[in-house]
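Reader: I am new to this structure. Please take me closely through one part, the surroundings of the ligand.

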Amino acid sequence: MTRIAALPKVELHLHIEGTLEPELVFELARENGIDLPYRDAEELRARYAFDDLQSFLEIYYENLVVLRGRRDFARLAHAYATRAHAAGVVHAEVFFDPQAHTVRGVTLTEVVDGLMDGFERAHAELGITTGLIACFLRDRPVAEALSTLDELLAVDAPIIGVGLDSAEVGNPASRFTEVFDRASRAGLRLVAHAGEEGGPDSILQALDDLAVERVDHGIRSVDDPRLMSRLADERTPLTICPLSNVHLNAVADIASHPLPELIEAGLHVTINSDDPAYFGGYVDQNYAAIVDAFDLDDQTVARLAHNSVDASFLDTSRQQEIH
Ligand code: HPA
Ligand code: ZN
């Protein structure tokens, strides 16, 4: 573990809302005068046994009720950055779900300003840097994604890119072409979740219809050798989240995760934690799980950390500095 934490790395697939630990849920509920349907953090944590992505998303969205104002988002961001720093993360490109908050009546400015407060404090204390990526919820209307993007641009939100998350199956990426076109024209970087529960076709849509620069998850590319060769040739990074895939039954168990095949095929693989408060571990624990399951040697582990730096949207001089 020490060896893993000592490797400088970048986290590229992390939902800030997925770092909301049960203890913080209770703390914020108490401060905000919110009654929760659980006795304590332990009872809440006991509910974290998921059948699939959908069953996870229900509780993930439900817990957001405790995030009410700017200070709550600052607490969340600071707690994550502190924990990530301990795992050797020197930079994180962090997802947040604007619509999951605006539909509850929390303003975009409160969310973004709060996250920036927490990250700026962590940067001053620890030197860790962050970039924000606003994800659109693919199971909500395209028109809402478009107006969310317009509002982000109107308030000059300090985001580096946009992504696409929530329920993949039945909500094709191709519906969001106009949103991603508009984001690209505004100078934003593009990523999307694809190939988590959806198949190779979902990944192809993210690549061809949205023109994403990284694929979040992308593990089902293993089902299509031509797609695997394309991803390897184009050096498209995959942001893989091993413990998430186990907890949401995207794979039967860690030993049957396709990670070794993806590495073997020369894909630009990175290791990340997705929603660490829900899936049993932060990024160091994700590295530890795959080292253990696949008996990875030091060189392979170092390469995975190296990949995470190269796959980031940092400029090359900062990438070099980290290496
Ligand atoms: N997949 C899709 N959407 C999400 C996830 C995830 O793992 N976490 C938060 N939103
Ligand atoms: Zn995710």
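Author: Here is a close look at the ligand site. The model is predicted: local features need pLDDT of at least 70, side-chain atom pairs count only at pLDDT 80 or more, and totals for chains, interfaces and linings use all residues. Residues are numbered from 1 along each chain as its sequence is written, while chains are lettered from A and ligands numbered from 1 in the order in which they are written.

Start with the shell. Ligand 1 is surrounded by residues including His15, Gly18, Tyr60, Asp165, His193, Asp274 and Asp275 (C-beta atom, placed from the backbone, within 6 Å of the ligand). The shell holds two nonpolar, five polar and four charged residues. Here Ala, Val, Leu, Ile, Met, Phe, Trp, Tyr, Cys and Pro count as nonpolar, Asp, Glu, Lys and Arg as charged, and the others, Gly among them, as polar.

Now the record. An unreviewed UniProt entry lists His13, His15, His193 and Asp274 under "binding site". Such annotations may be inferred rather than shown by experiment. These residues span 262 residues in sequence, yet no two of their C-alpha atoms are more than 11.6 Å apart, so they gather at one spot.

Take His15. Its place is the loop between strand S1 (9-11) and helix H2 (22-32). Strands (E, at least two residues) and helices (H or I, at least four) are DSSP runs, numbered from the N terminus. His15 is buried, with 28 other C-beta atoms within 10 Å; buried means 20 or more, with C-beta atoms placed from the backbone. Beyond four places in sequence, His15 touches Phe95, Asp274 and Asp275 (C-beta atoms within 7 Å).

His193 lies in strand S5. His193 is buried too, with 30 such atoms within 10 Å. Its contacts beyond four places in sequence include Asp165, Glu168 and His217.

Key:
A residue is buried if 20 or more other C-beta atoms lie within 10 Å of its own, exposed if 12 or fewer, and partly exposed in between; C-beta atoms are placed from the backbone. Two residues are in contact if their C-beta atoms, placed from the backbone, lie within 7 Å.
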